[in-house]
Amino acid sequence: MIPAAFEYERAESVDEAIDLLGRFGEEAKLLAGGQSLLSLMKLRLAFPTALVDIGRIAGLAYVRGDGDRIAIGAMTTHEDVHRSELLQEACPLLAHAAGEVGDPQVRHVGTIGGSVAHADPASDVPTVLLTLEADLVVRGPGGERTVPATEFFKGTFEPDLAAQDVLTEIRVRRTTGLGWSYVKFHPRAQDWAIVGIATLVQRANGGIGTARVGLTNMGPVPIRAAAFEQALTSGADVREAAERVVEGTSPVSDPFASAEYRTELAKVLARRAVEEAIGRP
Amino acid sequence: MTQTAEATQEQAKRYVGGGVLRKEDPELLTGQARFIDDIALPGMLWVGVVRSPFAHARINGVDGSRALELPGVVAVLSGEELAGDWEAGLPCAWPIATRSWPTPTDEDPRMPDHWPVAHDKARFVGDPVAVVVADSRAHAKDALEAVDVDYEPLEPVLDVEQALGGDAPRCHEDLGDNRCYTWTLENGEVERVFSEAPVVVKERYRHPRLIPNAIEPRGVVVQPAPAQGEFTMWSATQIPHIAKVTLSLTTGIPESKLRVIAPDVGGGFGSKLNVYAEEAVCLAVARRLGLPVKWIEERSENYLGTIHGRGVVQDMELAATEEGKVVGVRARVLADFGAYLQLVAPGIPLLGAFIYHGLYDPEAYLFECTGVFTNRTPTDAYRGAGRPEATYAIERTIDALARRLGKDPVELRRRNFIPPFDEPRATAGGLEFDSGNYPATLDKALELADYEGLRREQAERRARGDGKALGIGLATYIEMCGLAPSQVLSALKYGAGGWDAATIRCHPTGKVTVVTGTSPHGQGHVTSWAQIAADELGVAFEDVEVLHGDTAIAPLGMDTYGSRSLAVGGIALWNAAQKIKEKAKRIAAHDLEVSPDDLEWTDGKFQVRGVPDKSKTIPDVAFAAWTAHSLPDDVEPGLEATHVYDPPNFTFPAGAHVCAVEVDTETGEVEILKYVAVDDCGNVINPTIVEGQVHGGVAQGIAEALYEEAVYDDAGNLLTSSMHSYRIPSAAELPSFVTDRTVTPSSTNPMGVKGVGEAGTIAAPAAVMNAVADALAPLGVTKIDLPATPERVWRAIRDAKGGAQ
């Protein structure tokens, strides 16, 4: 309820945020929407010595087309991602999944960049960006670099971000013509996923041409279900293929669900997710 | 006898029975309500409580020196240092001893010491072991982490059955073992009936511990007046009156110098029907320092330091004939009281003890309960308190009997119902029910649910092997409310009376003040009491002000819990109004120069019989009584009356709920498709408030059935210790409810009311779980326990198929 004492500075620009992170040192954290970080601080599970607030930096919240890509500012709220007509039309998987995050209050304050940088394997957005093979634009003292989502999530709460790095933009490809789904199994609307399955499929010759499947909360990081993808594209029956969705996963047991249940649930949901995606124009 | 709700509407008085808007809502909706945390006093210090991280540990020392060096920290007090501040431990007002009812017991109740701050051992995770005082809430919070407590961890005892084993660790060494009591009630020849019955079903049900989760956590503010030795305590409590009496005993502050105020209180569900360590601590600290102090509970503290509910293991047996007539009921209950006895904990199972036969009429009846100490948060009253447990046991077992006999659960219930009655009637548990028409209530519920249609759809789904299984569940229930005649409470060893009080003050300007001894915290008494007073006195609803929750303003009262407020406090108010009218009639007759016998009470005023233009209203009389210019001999000036009402019996609301669920047989997910609640709470004062109570109660009961469970690890740590991990459903998870009523007025009281505060919570867990069990039965599932989470349902289905592949 009451966090430990910390310093606070509001950055006016990304460059200033990078400087402030340098000044405060390793134990400083960036504050975006605060929907994950502030809860952890209030429960005294996180004790940053300083917060660098990037919430007021102009020009970090946007969704804009850029050729076959769409660029999303890191400080765009989940709600704005969800409501973006461009994303709804050209990348509906992301627009839909953003609407599944938390509850309305969280979605209006929490940001896509904050969610990605938090790197929680139970979060929806990282899984979806992994499935979309998004690129993440990161700026640090040495300049800007682009990290593929497939390499960004190094461990639980461990993004590929150095102490002074600021995630500034997320770039996704248009998915026009692909079937998609995000199936989130959660007992209550506001809960994290017990298991989540993101899919993108391309139909071909009555079967599945390409398939990308991402898993939420089935391991320490968001996971691509490579064996399942391969089985789907090699013509296996969806139900049989779904048995392979759990290969390479390592779900946890917690008060919400045992690892055993998560494993069996993932198979059921994977089948349903692919069937839903196939049925979606 | 039983009327429909519509028929009573026609007879409605001006306000009673109508859905007037709540008087409470403007301040609540515009943020002007004053809750405990809105209170700030000049010079106020903040109290924080150091809580044990161990379920069971010896306390070898408390070192506050590091904390005292932190900014703003005023004091650190260990349990040992505070030991001299107490005249007595925290109260348990229901000291129950081992007994076979109704034979009197010669055993002493086993009451462990319960000091506000532990000094020998910590007995649960969250047990207060020291107190810090600082100049701000943040400083107090920081100081908590700097208090060094030398703990020697001991093996905890966590499970009620293990706790009764001879080699179990002891929660309280001086008691010898972990048993609090074994209390038995037996009527009829139980052994014979069970041995001769052709059919006996036996079921075991585990109720997890539930965490009440009032949306406003607890909090205390104390203002001392050192020169006078007086203390004013504001507390987020349901029971300012009981708190005043008991805290005066705990702290030694004379009761005459202690004023307790319950400000606006944001929900209780029984969790604020208690007297807590933090109340005693704040009084003691304020007394030591001579300064006002404040403590506000954090949500995560609430999960550990505020009472839990339920936590019972029930073995339920029914003896029946082949035709399905229930002839015997045998219930054996193990109740987890946790580490200490809170205010009424030992009595909670007794609130169900008499009604494990539900609405049925067996010839033999046995109830036995053993209360057990464990190293977990103390349990106590949680919405329904004993009656949901009883209802769950009988209603689930009736369904088990129906499955055994291959009968429809509706048919089986009809066969066994106590037939309609409107005069008090003896029952198998030994109580006298006041009135009831159970078939009428069930019929209405079945009709609203389209029971036949649901069964048809179920048959179709089963025929086509639908992966979404349809389940239909019923729960009928009987509730004992209006606790209770004081003499009965005495026989049950309850430490207080069952009465309540009301005062009506008629002002010379025509306005009316009602002072009630009930202490609402969401129930809308200000509205309902104003409706009653306005109708009885012939004044406008807007002209009635209702005061409550302050022992200086309402010195007489027994507060709000157990669906008692209307059936006791409301009747006290009604009686006070009759006293007002008796006195007013004499003054009116004097003014009109007629005999009191010539006056009749018509259209809300005294009127001379046959002379409609000669009349006096209560405001007329109030003015005359105030000027006192011309009063009859021996009539005192003023128009004010107090009535203290001790009910002659409990009231017995009843009802029938029907639930239809869809179970995803692949994932175990349960979705409620339909929920119908038909309740009979007797006459209704405010239908909107009644409906609100039923909606909230059903939601809480569904939560109990499908979502809520306090989960502990093997070391006694609560794993579900936040709103993230302890799942309370929101509107998004709940269906629309269909609610209706039948009206069978109580024969116990003049308003014919019964109480409705807990009805939904009593019926819903059984209705939902019967529906889940009904859905799963064709899959071979014979056992499913609370709560029916997706994983638990999935496991039940898998195990019925023959275990893991």
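## A two-chain predicted model at a glance

In chain A, 49% of the 281 residues count as buried. Keep in mind as you look around that this is a predicted model. Chain A carries twelve helices and 14 strands, while chain B has 22 helices and 30 strands. The two chains meet where 15 residues of chain A are in contact with 23 residues of chain B.

**Chain A overall**

- The radius of gyration of chain A is 19 Å, which agrees with the value near 19 Å that a compact globule of 281 residues would have.
- Of the contacts in chain A with a separation of 6 or more, 61% are between residues 24 or more positions apart.

**Helix H1 of chain A**

- Helix H1 of chain A runs over residues 14–24, and its buried residues include A:Ala17, A:Ile18, A:Leu20, A:Leu21 and A:Phe24.
- These residues cover an arc of only 165° around the axis, so they sit on the same side of H1(A).
- Just after H1(A) comes A:Gly25, whose phi is positive, at about 90°.

**Chain B overall**

- Chain B, with its 22 helices and 30 strands, has a radius of gyration of 28 Å, close to the 28 Å that the globule rule gives for 805 residues, so chain B is as compact as a globular protein of that length.
- A box of roughly 90 × 70 × 55 Å, taken along the principal axes, is filled by the C-alpha atoms of chain B.
- Buried residues account for 57% of the 805 residues in chain B.
- If you take the contacts in chain B between residues at least 6 apart in sequence, 81% of them join residues at least 24 apart.

**Where the chains touch**

- On the chain A side, 15 residues are in contact with chain B, and on the chain B side the number is 23.
- Helix H12 of chain A (residues 259–278) gives the largest share of the chain A side, with three residues.
- Sorted by class, the side of chain A that touches chain B has twelve nonpolar, two polar and one charged residues.

Notes:
Residues numbered from 1 in each chain as written. Chains lettered and ligands numbered in written order. Predicted model: local features only at pLDDT ≥ 70, side-chain atom pairs only at ≥ 80, totals over all residues. Helix = DSSP H or I, 4+ residues; strand = E, 2+ residues; numbered from the N terminus. Rg over C-alpha atoms; globule rule 2.2 N^0.38 Å. Buried ≥ 20, exposed ≤ 12 C-beta atoms within 10 Å, placed from the backbone. Contact = placed C-beta atoms within 7 Å. Nonpolar A, V, L, I, M, F, W, Y, C, P; charged D, E, K, R; others polar. Arc of directions from axis to C-beta.
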